[in-house]
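Here's a quick briefing on a ligand site and the pocket around it. Take a look at the model first, then we'll go through the contacts.

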Amino acid sequence: MPPKGKALQNTIVFEKSGHIGILTINRPEALNAINSDLLDKLFEQITVIAADKELRCLIMTGSGKAFVAGADIGEMSGLSREQSYQFGIKGHKTFCAIEALDIPVIAAVNGYALGGGCELALCADIRIASERAKFAQPEVSLGITPGFGGTQRLVRTISQANAMEMIMTGRTYSAQEAFEMGLVSRVVPGDALMDEAMKLASAIAANAPVAVRASKKAMRIKYDRFLHADLEAEARLFSSCFETEDQRMAMGAFVSKSPKSEFIGK
Ligand code: CAA
């Protein structure tokens, strides 16, 4: 039952404009943070998109001021190691389904793309950012590793040094810095983001669909090699951080909106 007085909200919104699909993560009250329920709904929607042979390009974006501000810290804060492993695997299943779409996927990053949000953007074939967008993999500041593929997809997307710096420091990068690192292919004024994404998608959709799909498949061969085994390794390492005092303290501090203590390495 939904909470009293609150309408049922579709956390995933999907629309079509000709051959282009637009998928919006729509949980703005939590800055589109990804919980298990949202992952299930996203997977269901991707399955529908995969079966739609009219589509030639997909745009993913977020509603409100965030693209996605990460996996849901409230849900993760009390997970056991085994539960966190299952949470990571659920994320991988959904994100791999996005990558497995045979049509090109564009992430239109409208705002915060943090943790699982940056990882969601990494599943797209092309990323464009609003000048308001912010990127980070802040997991180490919460006592965990990235768990929705960031440790594997970031090193396949930008340089090893930049990926290491981004994940080890957890710091937030501007859209311009993301462009300079090659994380996004262009930065556009905030109000122009969806128009630019539609123009890009329309240019792709005007090309020969069989050739576009074959090009995507060919370009992904190297990227995808060993990816699934590497994601399994990530899920194990991600879960190894749960039930530690540092993870419980850092996530507990976020949930209770209190300051963090110093990390102790246990
Ligand atoms: N999980 C759960 N709730 C979140 C959230 C998240 N990742 N990010 C934001 N929210 C919620 C906040 O708790 C708040 O809820 P209430 O109104 O109920 O208090 C609401 O969204 C609005 O957020 P803020 O009030 O914090 O908004 P702000 O503008 O002051 O700050 C922010 C924005 C800097 C993005 C801040 O919300 C923030 O730091 N969020 C967490 C970002 C983060 O650490 N993400 C990584 C998560 S770990 C991960 O993703 C692991 C993985 O790889 C699987």
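Which atom of Gly147 lies 2.9 Å from an oxygen atom of the ligand? A backbone N or O atom does. This is a predicted model, where local features need pLDDT of at least 70, side-chain atom pairs count only at pLDDT 80 or more, and totals for chains, interfaces and linings use all residues. Residues are numbered from 1 along each chain as its sequence is written, and side-chain values use heavy atoms, with hydrogens and water left out.

**Ligand contacts**
- Gly116 has a backbone N or O atom 2.8 Å from a ligand oxygen atom.
- In the side chain of Glu139, an N or O atom is 2.8 Å from an oxygen atom of the ligand.
- On its own the ligand has 980 Å² of accessible area (Shrake-Rupley method, 1.4 Å probe), and the protein covers 69% of that.

**The shell**
- The ligand is surrounded by 25 residues (a heavy atom within 4 Å), and Lys65, Gly116, Glu119, Glu139 and Lys257 are the closest.

**The pocket**
- The ligand takes up the space of the largest pocket (on a 1 Å grid over the protein atoms alone, an open set of points where a 1.4 Å probe fits, with protein on both sides within 12 Å along at least five of seven lines).

Methods. Polar contact = N/O pair within 3.5 Å; in protein donor to acceptor, adjacent residues only side chain to side chain. 1 Å grid on protein atoms, 1.4 Å probe; cavity = no way out; pocket = protein on both sides within 12 Å on 5 of 7 lines; lining within 4 Å. Sits in = over half its atoms within 2 Å of the grid points.
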